[in-house]
Amino acid sequence: MMLDLDRIARDRGVDLRVWPPRYDASYRPPPGDLHWLPDVERATPEDRDALILSKLRAQVRYAWERSAFYREKWTAAGVSPDDLRTLGDFAKFPVVQKQELRAEQTAHPPYGRYLCIDALEVARIHGTSGTTGRPTVFGIGRDDWARIGEAHARILWGAGVRPSDVVLIASFFSLYMGSWGALAGVDRLGATAFPFGAGVQGQTLMAVKWAQQMQPTAFYGTPSYALHLAETARGEGVDPRALGFRILFFSGEPGAGIPATKKLIEETFGGTCIDMGSTGEMTPWMTNGECSERKGMHLWQDIVYTEICDPKTFQPLPYGEEGTPVYTHLERTSAPMIRFLSGDLGRWTSEPCPCGRTYPRLPQGLYGRIDDMFIVRGENIYPSAIEDVLRAVEGFGGEFRIVISRTQAMDDLLVRVEIAKDHEPRRAQIEREIAQRLQARVGVRPRLELVAEGTLPRTEFKARRVIDDRDLYRKGTSS
């Protein structure tokens, strides 16, 4: 049965008969409802695909008419909106990569020619930090920002957040999109926003004190920062469980999708750990988001259409395969990303979720990046696999670093690991256990260096735990 768009418009506060969709900002489901938009979230994949194709064709046609960037790119690839008759046809369209966005903005500053509205209509400017190259600017129109709030609210609802919640947003309020998206979603959902921020010296200690006073019921940040907050609380004699977080939802790094880290966060705070996120370019980034069942991130395909693709050919892969997400906006008028190559890694499935949603899922979340994977002695190794091993070891002190180097022609893998203070007498036993587990998991027996708890620096944002010094060896031998 096809989706009844007339009834959805009448009952659910969203008109999907037009593009872009029109939303009723006063609409909100009853608190006891599990789904914000059940007609679409629980639709058969075939019925929802018909809706997705309709939105996709409108989005592609819009970009063709408004963007010289896309028009030139697609013409060179021999495709146009007229070629998009089925979802299968979409794989003919070329992917967009980050370096293209940077080059486009260099040639046509400041926004590039993929901005499909007049520059005077840009309501918000965000962007990347530029730590790995030229910063990328995101120009977002006012109508798009309202739709971003709608999407985040809907997905936060699926995670279990309700209007009665007080949400502590403990992340940078800057160019970084995550904090602002969370705030927009919390506002639209009708919960109480507590935009505390992060990054100022002494702010984590203040977060503990404010959380004790205000008793927020939900938390947003990075997994690394949540664990740093817990350490700070314990240092003040405060049990992190006493902070009262019922739900903790995360983005920015893969920790919340790593089983041992998820378990640690839930045991530490006594709340539900929810994994979310994709990329800043694809805001609303929560379109990869777990529901309250915590069975991996749903791909909310009618908001941002996601294909899991071969990292080399960029062709879609069948369910069960590992690949890189390629994302496409379906409701963006300002700077749409169409077949944007994320560079992340995940494995998808179409197996049903107990929540009743019929979206495909990433059961293990996004557990790495193509460029984060490193090869040591012929083995492909992901930092998330090492983290999963370490956090499952009793006596692990909370932080680690991975150092890859080369002496002569042999790669060397060093894992520097903190050991908990109260487990120092078991140091030799813990070292043997870690070495055995790591060799079994990653196929290489690393050198281990155990250091005291608190030795390695903590972070209030994304953890950077891999140091690859092999280039120093290469440069030295070639000079």
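User: How are helix 10 and helix 11 oriented to each other?
Analyst: In this predicted model, helix 10 and helix 11 are oblique to each other. Their axes cross at roughly 45° and come within 7 Å, with helix 10 covering residues 259–269 and helix 11 covering residues 383–391.

User: Which residues make that contact?
Analyst: Helix 10 contributes P259, A260, T261 and L264, while helix 11 contributes E387, D388 and R391. Sorted by class, the contact of helix 10 with helix 11 has three nonpolar, one polar and three charged residues.

User: What about helix 3 and helix 4, at what angle do their axes cross?
Analyst: The axes of helix 3 (residues 45–66) and helix 4 (residues 68–77) cross at roughly 105° and come within 6 Å. That makes helix 3 roughly perpendicular to helix 4.

User: And which residues are in contact there?
Analyst: On helix 3 they are V60, A63, W64, E65 and R66, and on helix 4 they are A68, Y70, R71, W74 and T75. By class, the contact of helix 3 with helix 4 has six nonpolar, one polar and three charged residues.

User: Changing topic to the five-strand sheet: what is the strand order?
Analyst: The five strands form an open sheet in the order 6-5-7-8-9, with parallel pairing. Strand 6 (192–194) and strand 9 (272–275) are the edge strands, each pairing on one side only. Neighbouring strands of this sheet are turned by 20° against each other on average, direction ignored.

User: How many bridges join strand 7 to strand 5, and how many to strand 8?
Analyst: Strand 5 (residues 166–169) is joined to strand 7 by three bridges, and the two run parallel. Strand 7 also pairs with strand 8 (residues 247–250) in the parallel sense, over four bridges.

User: Which residues stand opposite A218?
Analyst: V167 stands opposite A218 of strand 7, and in strand 8 the bridge partner of A218 is I247. Further along, Y220 stands opposite F249 in strand 8.

User: Are the residues of strand 7 buried or exposed, and which way do they point?
Analyst: All of them are buried. A218 and Y220 point one way from strand 7 (residues 218–221), and F219 and G221 point the other way. In a regular strand the side chains alternate between the two faces of the sheet.

User: What is the order of strands in the three-strand sheet, and is the pairing parallel or antiparallel?
Analyst: The three strands form an open sheet in the order 10-11-16, and the pairing is antiparallel. The edge strands are strand 10 (288–289) and strand 16 (361–362), each of which pairs on one side only.

User: How many bridges join strand 10 to strand 11?
Analyst: Two bridges join strand 10 to strand 11 (residues 297–299), and these strands run antiparallel. N288 stands opposite L299 in strand 11.

User: On to P354: where is P354, and is P354 buried or exposed?
Analyst: P354 lies in the loop between strand 15 (344–347) and strand 16. P354 is exposed, with a relative accessible area of 56%.

User: What does P354 touch?
Analyst: Leaving aside residues up to four places away in sequence, P354 touches E293 and K295. The C-alpha atoms of P354 and R294 are separated by 9.7 Å, although these residues are 60 apart along the chain.

User: Last topic, the cysteines: how many disulfides are there?
Analyst: With a cut-off of 2.5 Å between cysteine sulfur atoms, the count comes to zero disulfides.

Technical notes:
Residues are numbered from 1 along each chain as its sequence is written. This is a predicted model: local features need pLDDT of at least 70, side-chain atom pairs count only at pLDDT 80 or more; totals for chains, interfaces and linings use all residues. Side-chain values use heavy atoms; hydrogens and water are left out. Axes are lines fitted to C-alpha atoms, for helices over the stretch in contact, and angles run from 0 to 180 degrees between N-to-C directions. Angles under 35 degrees count as roughly parallel, over 145 as roughly antiparallel, 65 to 115 as roughly perpendicular and the rest as oblique. Contact means heavy atoms within 4.5 Å. Ala, Val, Leu, Ile, Met, Phe, Trp, Tyr, Cys and Pro count as nonpolar, Asp, Glu, Lys and Arg as charged, and the others, Gly among them, as polar. Two strands pair if DSSP finds at least two bridges between them. Buried means under 20% relative accessible area, exposed over 50%, partly exposed in between (1.4 Å probe, protein chains only).
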